[in-house]
Amino acid sequence: MFKWALVHWIMEKEGHGLLLGMEKFLSQQTHVSEDIRKYMTPALMAELSLLPTNKKMEFLDLYMAQVKSLLWAYIALVLIFPFHYAYQDRWGKQVLFWVTAGGLLVWWIADFFRLPDMIREYNEKLGFRILEKLEREV
């Protein structure tokens with residue numbers, strides 16, 4: 001967990017150029033396809049590169065089975081009875097969203113713009129939960 005926090009902190013402090021260089025380097029090291037990399041943050045890629053090859057493959061299987069898509073999140077948001085929080089396994093917020101009618105649509109409009117960050121955060125947390133589980137098994 002400390003390794004993740006350190007990598008994440010360094011990436012945030014060093015700026016976008018380092019992130020792009022690090023992402024390119026890590027993508028070569030982990031041999032993760034472009035389709036899968038679009039769901040991962042640089043911090044997650046950095047942590048993944050530290051795993052042995054067999055654990056990387058196990059991680060990718062578990063991660064891709066549970067990762068959330070931004071497209072499906074938007075579809076869930078714009079339906080007549082939105083369920084975008086339920087899609088992220090946040091049932092408490094989902095019920096509150098329904099009870100307040102999306103904050104009388106103000107909350108719904110704000111979520112339209114916040115959704116990419118919410119899905120990115122969900123996927124990153126998911127990835128680190130899976131990594132922690134795999135590191136305990138090593």
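Q: How is the crossing of helix 5 and helix 10 handed, left or right?
A: The crossing of helix 5 and helix 10 is right-handed, and the model you are looking at is a predicted one.

Q: At what angle do those two pack, and how far apart are their axes?
A: Helix 5, which covers residues 53-66, packs with helix 10 at an angle of about 145 degrees, and their axes are 10 Å apart.

Q: Which residues meet there?
A: From helix 5 the contact takes in Lys55, Glu58, Phe59, Leu62, Tyr63 and Gln66, and these meet a set in helix 10 made up of Tyr122, Asn123, Leu126, Gly127, Ile130, Leu131, Lys133, Leu134 and Glu137.

Q: And how do the residues of that contact divide by class?
A: For helix 5 with helix 10, eight residues of the contact are nonpolar, three are polar and four are charged.

Q: Moving on to helix 6, at what angle does its axis cross that of helix 10?
A: The axes of helix 6 (residues 70-78) and helix 10 (residues 106-137) cross at roughly 160 degrees and come within 10 Å. Helix 6 is therefore roughly antiparallel to helix 10, and it passes helix 10 in a right-handed crossing.

Q: What about helix 8, at what angle does it pack with helix 10?
A: Helix 8 (residues 91-99) and helix 10 have their axes 10 Å apart and pack at an angle of about 135 degrees, which means that helix 8 is oblique to helix 10.

Q: Which residues meet between helix 8 and helix 10?
A: Lys93, Leu96 and Phe97 in helix 8 meet Trp107, Trp108 and Asp111 in helix 10, and the classes in this contact are four nonpolar, two charged and no polar residues.

Q: How many residues line the largest pocket, and which lie nearest its centre?
A: The lining consists of 13 residues, with Lys38, Tyr39, Ile119, Arg120 and Asn123 lying nearest the centre of the pocket. Helix 6 and helix 10 are the elements that give two or more residues to this lining, and the largest share, four residues, comes from helix 10.

Q: What does the lining of the largest pocket look like by class?
A: Seven residues in the lining of the largest pocket are nonpolar, three are polar and three are charged.

Conventions: Residues are numbered from 1 along each chain as its sequence is written. This is a predicted model: local features need pLDDT of at least 70, side-chain atom pairs count only at pLDDT 80 or more; totals for chains, interfaces and linings use all residues. Side-chain values use heavy atoms; hydrogens and water are left out. Axes are lines fitted to C-alpha atoms, for helices over the stretch in contact, and angles run from 0 to 180 degrees between N-to-C directions. Angles under 35 degrees count as roughly parallel, over 145 as roughly antiparallel, 65 to 115 as roughly perpendicular and the rest as oblique. A crossing is left-handed if the near helix is turned anticlockwise from the far one by less than a right angle, and right-handed if clockwise. On a 1 Å grid over the protein atoms alone, a cavity is a set of points where a 1.4 Å probe fits but cannot get out, and a pocket is an open set with protein on both sides within 12 Å along at least five of seven lines; lining residues have an atom within 4 Å of a point. Ala, Val, Leu, Ile, Met, Phe, Trp, Tyr, Cys and Pro count as nonpolar, Asp, Glu, Lys and Arg as charged, and the others, Gly among them, as polar. Contact means heavy atoms within 4.5 Å.
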